[in-house]
Amino acid sequence: MNQKHRRTLEAVFDDPVRSNIPWRDIEAMLDAAGAEITEGQGSRVRIALNGVRAVFHRPHPQKETDKGAVRSMRRFLAEAGVTP
């Protein structure tokens, strides 16, 4: 992971939970961490990382991820063993 990906990872784990993290930055960070990202129906995105699987909804029409999705991403990353 490069510095930008590390900053995104730290932003996901920030307290209080942030709601201004662009989804494309999260996807780029996941890709750099070795995640397998596949498209589902509609705005669904299937992600597999270190044997852990999850389905997220790509935010639209806004670009930023909401707090609930950031909390879910935080849990997913912790279960997959990826923390800052």
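Colleague: Thanks. Leaving out residues up to four places away in sequence, what does Arg74 touch?

Modeller: Bear in mind that this is a predicted model. Arg74 touches Val12, Phe13, Asp14, Asp15 and Val17, with residues up to four places away in sequence not counted.

Colleague: And where is Arg74 found?

Modeller: Arg74 sits in helix α3, which covers residues 67-79.

Colleague: Buried or exposed?

Modeller: Arg74 has 18% relative accessibility, so it counts as buried. The cut-off for buried is under 20%.

Colleague: OK, now the helices. How do α1 and α2 pack?

Modeller: Helix α1 is residues 3-12 and helix α2 is residues 23-32; they pack at an angle of about 115 degrees, with their axes 9 Å apart. So α1 and α2 are roughly perpendicular to each other. Their crossing is left-handed.

Colleague: Which residues make that contact between α1 and α2?

Modeller: From α1 there are Lys4, His5, Thr8, Leu9 and Val12, and from α2 there are Asp25, Ile26, Ala28, Met29 and Ala32. By class, the contact of α1 with α2 has six nonpolar, two polar and two charged residues.

Colleague: What about α2 and α3, at what angle do they pack?

Modeller: About 5 degrees, with the axes of α2 and α3 13 Å apart. That makes α2 roughly parallel to α3. Trp23, Ile26, Met29 and Leu30 of α2 meet Met73, Phe76 and Leu77 of α3. The contact of α2 with α3 has seven nonpolar residues, no polar ones and no charged ones.

Colleague: Let's switch to the loops. What does Pro59 touch, not counting residues up to four places away in sequence?

Modeller: Pro59 touches Trp23, Glu64 and Thr65 on that count. Pro59 is in the loop between β4 (52-57) and β5 (64-65). With 19% relative accessibility, Pro59 counts as buried. The C-alpha atoms of Pro59 and Ala69 are 9.1 Å apart, and those two residues are 10 residues apart along the chain.

Colleague: And the peptide bond from His60 to Pro61, cis or trans?

Modeller: Cis, with omega near 0 degrees. Pro61 is in the loop between β4 and β5. The peptide bond from Asp15 to Pro16 is cis too, with omega near -5 degrees. Pro16 lies in the loop between α1 and β1.

Colleague: What's the phi of Asn50?

Modeller: It is positive, about 50 degrees, although Asn50 is not a glycine. Most residues other than glycine have a negative phi.

Colleague: So where does Asn50 sit?

Modeller: Asn50 is in the loop between β3 (44-49) and β4. Its relative accessible area is 56%, so Asn50 is exposed.

Methods. Residues numbered from 1 in each chain as written. Predicted model: local features only at pLDDT ≥ 70, side-chain atom pairs only at ≥ 80, totals over all residues. Heavy atoms only, no water. Axes fitted to C-alpha atoms, helices over the stretch in contact; angles between N-to-C directions. Helix = DSSP H or I, 4+ residues; strand = E, 2+ residues; numbered from the N terminus. Parallel < 35°, antiparallel > 145°, perpendicular 65-115°, else oblique. Left-handed = near helix turned anticlockwise from the far one by under 90°. Contact = heavy atoms within 4.5 Å. Nonpolar A, V, L, I, M, F, W, Y, C, P; charged D, E, K, R; others polar. Buried < 20%, exposed > 50% of the residue type's maximum accessible area, 1.4 Å probe, protein only.
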